[in-house]
Amino acid sequence: MHIDILTLFPDMIRAFFENSIMARAVEKGIITYSIIDFREYTHDRHRTCDDVPYGGGAGMVLKPEPLFEALNTINAKEARVVFPTPSGKLFNQDYAQSLSLEKRLVFICGHYEGLDQRVIDEFVDDEISIGDYVLTSGETSSIVIIDALFRLIDGVISSESLEDESFSSPLLEYPQYTRPERYCQKNVPDVLLSGHHERIATWRVFQRLEKTMLSRPELLTTASLDVESRKKLIKLLDNKGTSENGRN
């Protein structure tokens, strides 16, 4: 996959691509990328990229000219163009999976009060929100989306590592432990030390169900669970009801 990122703050993006798992994906040639500072496509002596909004109002709006020129220069219409914005479609794991199948993506990092609507009308395929809150930097939200999708591309992370992650199925991930066995008077659960793979698998399913029930119960309404998982969920719900009714 090739990723183009249009930004006014290249260093924020560069650090992400030069570290950790992304750096290894780039080194392997699985990911290639270009960082485009669209300030380079201004032609006035102040290199102006923003202006006051028509109709009045607070803040500044990114001007269309630099973005049009930058996007046309990189032939952005031949790619899938993403604009992260609080007013976009809510991002989730299925959305990340969809984007991970693309050969080329272009991200436009907004700032201030956003960007001129004509840029969106002409170039943008996906307006994406990473949550119901507002960030100062479009770079931050672009990195979140890129981080979620690139790890789903073949060869970046082993398929085994992805199988039990939160949102890889409707359930959240089970708790993880490592050495030492005892720390700050807290022990690793005995089942994980048992070497009994079937018991460990059962414990992990139970933990995923419990975590989902406590943190994101709405996910269980659409979860496709096997018979054993449903039995465990019923037991959890029954225990919860017993506790709430003061019968424990």
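How many Å should the 19 residues of helix H9 span, and how far apart are its end C-alpha atoms? The legends below begin with this helix. The model is predicted: local features need pLDDT of at least 70, side-chain atom pairs count only at pLDDT 80 or more, and totals for chains, interfaces and linings use all residues. Residues are numbered from 1 along each chain as its sequence is written, and side-chain values use heavy atoms, with hydrogens and water left out.

**Figure 1. Helix H9 (residues 197–215) and its buried residues.** Helices (H or I, at least four residues) and strands (E, at least two) are DSSP runs, numbered from the N terminus. The expected span of a helix is 1.5 Å times one less than its number of residues. For the 19 residues of H9 this should give 27 Å, and the end C-alpha atoms are 27 Å apart, so the two values agree. Buried residues in H9 are Ile-200, Trp-203, Gln-207, Arg-208, Leu-209, Thr-212 and Met-213. Here buried means under 20% relative accessible area, exposed over 50%, and partly exposed in between (1.4 Å probe, protein chains only).

**Figure 2. Aromatic pairs.** Rings of Phe, Tyr and Trp (its six-membered ring) pair if their centres lie within 6.5 Å; planes under 30 degrees apart count as stacked, over 60 as edge-to-face and the rest as tilted. By this rule there are five aromatic pairs. One of them joins Phe-16 and Phe-17, edge-to-face, at 5.4 Å centre to centre with 80 degrees between the planes. Phe-16 and Phe-17 are both buried. Another pair, Phe-68 and Phe-123, has ring centres 5.1 Å apart and planes at 80 degrees, so this pair is edge-to-face. The pair links distant parts of the chain, since Phe-68 lies in helix H3 (residues 64–73) and Phe-123 in helix H5 (residues 117–123), 55 residues apart. Phe-68 is partly exposed because its relative accessible area is 24%, whereas Phe-123, at 5%, counts as buried. One aromatic cluster is formed by Phe-16, Phe-17, Tyr-33 and Phe-150.

**Figure 3. Charged ends over aromatic rings.** A charge sits over a ring if NZ of Lys or CZ of Arg is within 6 Å of the ring centre and within 35 degrees of the ring normal. The charged end of Lys-77 sits over the ring of Phe-123, 5.4 Å from the ring centre. Likewise, the charged end of Lys-89 sits over the ring of Tyr-95, at 5.2 Å from the centre.

**Figure 4. Cysteines.** A disulfide is a covalent bond between the sulfur atoms of two cysteines; here the term is applied to a pair of cysteine sulfur atoms within 2.5 Å. The structure holds zero disulfides. The sulfur of Cys-49 has its closest cysteine sulfur in Cys-109, 13 Å away, which is too far for a bond. Cys-49 is buried, with a relative accessible area of 3%, while Cys-184 is exposed, at 58%.

Figure 5. Most residues other than glycine have a negative phi, and most peptide bonds are trans. A cis peptide bond joins Arg-179 and Pro-180, with omega about 5 degrees. Pro-180 is placed in the loop between helix H7 (159–163) and strand S8 (182–183). Asn-75, although not a glycine, has a positive phi of about 55 degrees. Asn-75 lies in the loop between H3 and strand S5 (80–90), and counts as partly exposed at 41% relative accessibility. Gln-185, also not a glycine, has a positive phi of about 60 degrees. Gln-185 is found in the loop between S8 and strand S9 (186–187), and counts as exposed at 69% relative accessibility.
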